[in-house]
Amino acid sequence: MLVSSVWVGGGLSARNYVEVFGNPQIWVLFRNSITLAALTTALAGITGIILGVLIIKTDMPVGTLLAAAFSVPLLFPPYILAVGWFEILGRGGMLSRWTNAAIGEMTSGWLFGFPGAVVVLSSAFLPIVLLLTITYLRGVNPTLEEAARLSYGPFAVLRQITIPLIRPGIVLALTLVFLLTMGEYGAPAFLRLNVFPVASFTQSSALYNFDAATAAATPLIGVVLAGLFVEQKALGQRSYSFRWARPQMSQLIPLGHMRVPVVIGAMMLALLFVGVPIAGVLWRGSSAAALSEAIERGASSAVHSVLYATAAATLVTGVGFFLAYLIQRRALIGWRWLDALGLFLFTLPGTIIGIGLISLWNRPSTNWIYATPGLLVFGFMAQYTAIGTRMVAAGMSQLSPSLEEAAEVAGVKWFRRVFGILTPLLRPATVAAWVATFVFCLRDVSLPLLLAPPGQDTLTARTMTLMANGSPELIAALCLLSVTLALGPVTVAGIAWRFARRLA
Amino acid sequence: MTAIQFRNVSKHYRDKLVLSDLSFQIEHGERVSVQGPSGSGKTTMLRLLAGFLVPDGGEVWIGDKKVAAEGKILVAPEHRKLGMVFQDLSLWPHLTVYQNLDFVLKAQSLSAKDRRARIEEALERVRLEDFMSAYPTRLSGGQQQRVAIARALVARPVALLMDEPLSNLDDDLKDELCEHLLNLHAQLGFTLVYVTHSKDEARRIGTRAILLRDGKEVLYEMDHEGKGKSR
C-alpha cells in the first residue's frame, strides 16, 4: 500500500504526498481528528475510570448491573448511537416535536459538530476504559492497599496507591480510545464531521484514488505508531504484582450518606449514554412497517454479517491461540514484536487496512480471493487477531507452565499436551475470545464497506449505504436489527457461562 | 500493662465459623507467637486486630481503647498505630525503598527533615541504607523482607504484627532474619504478634504462644523447650 502510493507512472514519486500535504484542507482534517480524539479520550477516560472505581472499590449498589449497562454500546457500531441521538435531537426529532422547531434547530446544530460527536464516541468507547479499569482494579493485590490503610484513610489509599498501581491499565485504555476514535469512520461520517478516516474513505470509495487515499491515511499510521510508543514508554518494563482477589479479601470503601446520590447519578449517566440513544432508535424504528422493510432489505445482509463474523471469529481464535502460546511461552524470537504488530493492526483504522488489502489483492492473478468475501474475512483477521491473542494469553498467564511440563516429562507429545491439557483449561478464555471477536466483526463498518463483494455486503455496510437515501424509519429499524443481532449471541453466551459456573 | 486484648471474639466467613469466642491478652513489649495449622484462623485474628475485618461478636482492645465490637469498627486501621508485615510483604512496587517508608511517615505530619532522619535510621537498623533509591522488585527476598520490617517500624507503632513473614525464605535466611528481628525488638521494645505455622519459628520468636485450632485458643503458654500449658 505504501509502495503503491509512492510508485506513480512506473517510477518513484512523492506526487501523491505533495498533493495531499500541500492541501491546507489536510491540516484541518488533522486538527479535527486530533481534537475529536482528545476530547473523546478525556470524557470517556474520566467517566470510565470514576465508574470503574465506584463499581469495584466502593459499596455502591447494583454495580454489576451498571457495568453491564455501560458496556452495551461496545456491542454495536457507534453510528447507531449517532442515529439514536439524531432521532432525539435532530430537526425532526423527539425533542423538536415535543417542544418547538427552534429548539430542534439548536440541538441539531449541537449534534452535528464536535459536542455531538464527542458524546456519541465517548459513550461508544467508555466500555473500553470501564472494563479495563475494572479488570486492573480486580488484579491489584489487596494487601498492597491494606498495608497503606494502616497509615491512611480509604480515599487517600485509593489516590496514592491503587490508582498509581493500575496506571498501566489506564494508559492502555486511554491509548486505545484515542486511537480508535482517530480511526472511527461511521459516526463522524453520519454526523458530517470532516476527519481523516472520512476523507480517506471518500478518496478511495467515491473517487477511486487509492494512492491519494493512502497518502491521506499516512498521518493516521504515524499517530497510531506514536500512540503505541507512548503506551510502551508509559508501561516500561514494570511488573507489578497482580492477582485475582478473593471478594472477601478486598475492602470496600463505604460511601455513607453519598451512597444513594452516587448510584442515582450513575444510573442517570447510563440512561444518558445508553438508554436515550437506544430509545431514539426504538422510537423511530419499531413500527411494524419499518421493521418489515428492514427485514426485507437487510435480512440477507444480516445473514452475511453472521456468516463472516463466525468464520473470522473462528479463525482469529484459532490463530490467536497459537500466537498466544508463542508469546506467553516466549517460544519465538521477537515475540514482543509479534504482540506489538497485533496491537498496531487492531488500532489501525479499518479504512487503512481495507485500502491496503485492496492494493495488495486487486490484480487479475488474485481475483479468486479479491472477488469473494474471503478478502473481508482476511481483513477481519488482520484487524482483530490481537483480541484473540490477548484474551487467550491472559488466560494462559493464569496457568502454571508446570501443568504442561508435567505432561512433557511423562513423554506426552506437544500436540497432545496442547489439546489434552491447555485447550480444556483455556476453554473459558477461548470462548470469551471467540464471542468478543464475533461482536467486533459484526459491528465493523469500514472493512465491509471497502471489502465486501457487490451483493454480499454486511448489515452495517447496508445500513451505511442506505443512509444516503433510505427513510429515517428504515435506518432506525436496521439499527435495531443490528442491536438484536449483537445482543443475541452475547446473551446466549452469558446464560451459558452462568449455567456452566453453576454446574461447576 | 495490656497492649492488646481479644474478648470473646468470633468471626464467620459466610456459613463457616473461623474464630469462636477467642479471648487473650498481650502485655506491652511482649513477643507472642500465634501458631496453628492452615485454616485455624491465625490470619483472621491478625486482620481483626489490624481493623481489616469486623468481628461478628466480642471486643478487640488496643491499649485502653476499644477498637472494634459486635460488628462495628470503632477505630479505623489508620488510627490504631500498628505496623504490619504481610506474608507477601506488600511493598508498593511503584515506590522506591525510601518512598515506601516516607509514604508511611507522611501520614504523621512530620517535617521533611524529621522524616528523612527517621527513614535513614530505620534503614540503617536493617542495614539497607545503600538501597534507598532502589525499587523493591530489584531487591533480593531477604532485602525485601528487611524493607518490609523497616516500613512497619518506621512510624514507631505500639505493636508490630507479622503474618508468616518468613514462610517463603530458605532456612539460612530465616535464621538470619529471626536473629535480626530479635535484635530490633531488644533495641526498640515494641509489642510483637508473630503469626506462623512453624513450631520452630514460634518457639524462637515468641516468649509466649497462642495455639489456635479450629478458631479456638487451645494452648496459652509455651516455655523455651516448646512445651505448652493448657489454660
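This is a predicted model: local features need pLDDT of at least 70, side-chain atom pairs count only at pLDDT 80 or more; totals for chains, interfaces and linings use all residues.
**The interface**

The size of an interface is often given as the accessible area lost when the parts come together. Chain A and chain B bury about 2100 Å² between them, and carbon and sulfur atoms account for 62% of that area. Within the part that chain A buries against chain B, Glu146(A), Leu150(A) and Tyr152(A) supply 29%, which is more than any other three residues. Counted by residues, the contact draws 22 from chain A and 25 from chain B.

Two salt bridges are found across the interface of chain A and chain B, and one that can be named joins Glu146(A) to Arg47(B), with the closest N and O atoms 2.7 Å apart. On the side of chain A that touches chain B, α9 (142-149) and α10 (154-165) of chain A each supply at least two residues, and the largest share, six residues, comes from α9(A). By class, the residues on this side of chain A comprise 11 nonpolar, eight polar and three charged.

**The cavities**

| Cavity | Volume | Helix giving the most |
|---|---|---|
| Largest cavity | about 290 Å³ | α11(A), three residues |
| Second largest cavity | about 70 Å³ | α26(A), three residues |

The largest cavity is lined by 20 residues, of which Leu180(A), Glu184(A), Tyr384(A), Arg443(A) and Asp444(A) are the closest to its centre. Two or more lining residues of the largest cavity come from each of α11 (167-183), α17 (335-347), α20 (374-397) and α23 (427-443) of chain A. The lining of the largest cavity divides into 11 nonpolar, six polar and three charged residues.

The second largest cavity has a lining that includes Leu75(A), Phe76(A), Pro77(A), Leu442(A) and Arg443(A). The elements of chain A that give two or more residues to the lining of the second largest cavity are α23, α25 (459-466) and α26 (472-503). By class, the lining of the second largest cavity has seven nonpolar, three polar and one charged residues. Arg443(A) is named for both cavities, being one of the residues closest to the centre of the largest cavity and one of those that line the second largest cavity.

Definitions and conventions: Residues are numbered from 1 along each chain as its sequence is written. Chains are lettered from A and ligands numbered from 1 in the order in which they are written. Side-chain values use heavy atoms; hydrogens and water are left out. Contact means heavy atoms within 4.5 Å. Buried area is the accessible area (1.4 Å probe) that two parts lose on being put together, summed over both. A salt bridge is a side-chain nitrogen of Lys or Arg within 4 Å of a carboxyl oxygen of Asp or Glu. Helices (H or I, at least four residues) and strands (E, at least two) are DSSP runs, numbered from the N terminus. Ala, Val, Leu, Ile, Met, Phe, Trp, Tyr, Cys and Pro count as nonpolar, Asp, Glu, Lys and Arg as charged, and the others, Gly among them, as polar. On a 1 Å grid over the protein atoms alone, a cavity is a set of points where a 1.4 Å probe fits but cannot get out, and a pocket is an open set with protein on both sides within 12 Å along at least five of seven lines; lining residues have an atom within 4 Å of a point. Grid points are joined across faces, edges and corners, and a volume is the space filled by probe spheres set on the points.
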